[in-house]
Amino acid sequence: MGVEMPEAEGLRALIRRREWEESARRLLGSASAKTTLSTLAEALAEAAAMGAVGGEVYEALRQRHEAAAAWDRRAQALLAVDASAVRDPARAAGGGGAAGGAAAAGPEAGEGAEAATGEEGGAAAAAADLPASVEELEAFVSEGARLGLRLERLAVMTRLCEGAQRWMDTSGAARRVGPG
């Protein structure tokens with residue numbers, strides 16, 4: 001014969017919430033390579049399932065997740081830019097190039113289609129606030145690194161940034177030496 005204690009379930013829920021808050025604090029305090037965007041999303045879903053939405057820890061975790069997701073979306077948009085479809089370097093510098101899907105407007109699509117795609121892509125890239133210089137790319141990569149999460153696109157962006165910097169260094173040295 002069991003004894004029913006209505007307070008026991010309330011105490012269990014409180015213990016689960018405190019355990020969740022402790023694990024969320026560890027996630028917030030961790031700059032671990034194990035913490036991913038999906039780990040944060042899972043923690044937020046767990047909080048919602050147990051009714052722990054709101055509160056200081058939840059809001060801090062939600063803000064960190066939103067910042068990381070926003071950075072990841074910008075990185076995805078930048079990686080989708082097809083610079084080969086942009087013919088005018090001035091337009092590329094001003095607008096950022098053609099966005100994803102522009103690869104279909106290759107040389108066989110004709111000059112007019114390429115120009116239109118470049119303009120649309122440039123507008124999309126500008127709207128997404130994408131880096132337009134190596135310095136801006138370095139700042140963008142630093143912003144991603146400061147999030148303290150393992151982001152797949154951060155590794156790709158870091159390699160691209162390092163390659164762009166090496167290219168800039170090499171091209172600068174070649175300009176100083178001049179033609180042979």
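This is a predicted model: local features need pLDDT of at least 70, side-chain atom pairs count only at pLDDT 80 or more; totals for chains, interfaces and linings use all residues.
Arg-26 meets Glu-22 in a salt bridge, with 3.9 Å from N to O, and Glu-22 itself is partly exposed, with a relative accessible area of 40%. Both residues belong to helix H1, where they lie four residues apart, about one turn of the helix.

Turning to that helix as a whole, H1 covers residues 6–29, which makes 24 residues, and from its first C-alpha to its last it reaches 36 Å, close to the 34 Å expected at 1.5 Å a residue. Which residues of H1 are buried? They are Trp-20, Glu-21, Ala-24 and Leu-27, and these buried residues pack against two helices, H2 at 37–50 and H3 at 55–79.

Let me come back to the salt bridges, of which the structure holds nine. In helix H3, Arg-62 and Glu-66 form one, with 2.5 Å between N and O, and these two residues are four apart in the helix, a separation of about one helical turn. Arg-62 counts as partly exposed at 24% relative accessibility, and Glu-66 is also partly exposed, with a relative accessible area of 41%. Elsewhere, salt bridges that share partners join Glu-9, Arg-12 and Arg-16 into one network.

Methods: Residues are numbered from 1 along each chain as its sequence is written. Side-chain values use heavy atoms; hydrogens and water are left out. The expected span of a helix is 1.5 Å times one less than its number of residues. Buried means under 20% relative accessible area, exposed over 50%, partly exposed in between (1.4 Å probe, protein chains only). Contact means heavy atoms within 4.5 Å. A salt bridge is a side-chain nitrogen of Lys or Arg within 4 Å of a carboxyl oxygen of Asp or Glu.
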